[in-house]
Amino acid sequence: TENIIHLVLAKLPDAPAGPKGISLFLVPKFMVNADGSLGARNAANCGSIEHKMGIQASATCVMNFDEAVGYLVGEPNKGLAAMFTMMNYERLGVGIQGLASGERSYQNAIEYARDRLQSRSPTGAQNKDKVADPIIVHPDVRRMLLTMKASNEGGRAFSNYVAMQLDTAKFSEDPVTRKRAEDLVALLTPVAKAFLTDLGLET
């Protein structure tokens, strides 16, 4: 599509102070005519591209919305609540990106450990036809690999649990069950994002 829409948190002129006065707006790149065709260019534009260390495939930029036209989404001053409906899923998604990075690191590390020859196993030569054994036979290397594997599998189980709570909070017909899941989602989605991305970096 030629049009792009942005969800923007901003305040109405008469909004109360603090985060309780934040509303959610939909800001299109192009205004849409009554017949559905694209109209004039909106004033939303890219200010600069962020220079990032990671996730190069996903561009991040500073957006300027001076004099741009936006449309209120939901109720006035309820923007944070509306945005967090999406953000909880996004937080888990970012955490899973970190988990995927950690899993790929583990796969590369174990392949390297099976191929790299260095010294002999403490229990005796395991690769008698070669000048040395693969480093995977060394206890400290095995410890590091098993730590990576355990962290990734634990992170995978944790992310599945958080995803289950997201589904329960959205689809459960029991108010008590839904409220409990909503509370767990509020607690665990920031943890999933922070913990799993840190884990991916450490791994």
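## Helix α1 against helix α2

In this predicted model, α1 passes α2 in a left-handed crossing. Helix α1 covers residues 79–115 and helix α2 covers residues 139–171; their axes are 10 Å apart and the packing angle is about 160 degrees. Angles over 145 degrees count as roughly antiparallel, so α1 is roughly antiparallel to α2.

On the α1 side, the contact residues include Tyr89, Leu92, Ile96, Leu99, Tyr106 and Ile110. Among the α2 residues that they meet as a group are Val141, Leu145, Met148, Val162 and Leu166. By class, the contact of α1 with α2 has 14 nonpolar, six polar and four charged residues.

## Helix α1 against helix α3

Helix α3 spans residues 175–202 and packs on α1 at an angle of about 25 degrees, with the axes 7 Å apart. Because angles under 35 degrees count as roughly parallel, α1 is roughly parallel to α3. The crossing of this pair is left-handed.

The α1 residues in this contact include Asn88, Arg91, Leu92, Ile96 and Leu99. Those of α3 include Val185, Pro190, Lys193 and Leu196. The contact of α1 with α3 divides into eight nonpolar, eight polar and two charged residues.

Asn88, Leu92, Ile96, Leu99 and Gly102 of α1 are listed in the contact with α2 and also in the contact with α3.

## Domains and annotation

The domain assignment gives domain 1 as residues 5–76 and domain 2 as residues 84–202. The centres of the two domains are 35 Å apart, taken over C-alpha atoms.

An unreviewed UniProt entry places the feature "domain: Acyl-CoA dehydrogenase/oxidase C-terminal" at residues 77–170. That span is 73% helix and 0% strand, and its end C-alpha atoms lie 23 Å apart.

Terms used. Residues are numbered from 1 along each chain as its sequence is written. This is a predicted model: local features need pLDDT of at least 70, side-chain atom pairs count only at pLDDT 80 or more; totals for chains, interfaces and linings use all residues. Side-chain values use heavy atoms; hydrogens and water are left out. Domain bounds come from an automatic or database domain assignment. Axes are lines fitted to C-alpha atoms, for helices over the stretch in contact, and angles run from 0 to 180 degrees between N-to-C directions. Helices (H or I, at least four residues) and strands (E, at least two) are DSSP runs, numbered from the N terminus. Angles under 35 degrees count as roughly parallel, over 145 as roughly antiparallel, 65 to 115 as roughly perpendicular and the rest as oblique. A crossing is left-handed if the near helix is turned anticlockwise from the far one by less than a right angle, and right-handed if clockwise. Contact means heavy atoms within 4.5 Å. Ala, Val, Leu, Ile, Met, Phe, Trp, Tyr, Cys and Pro count as nonpolar, Asp, Glu, Lys and Arg as charged, and the others, Gly among them, as polar. UniProt positions are given in the numbering used here, feature names are shortened, and annotations may be inferred rather than shown by experiment.
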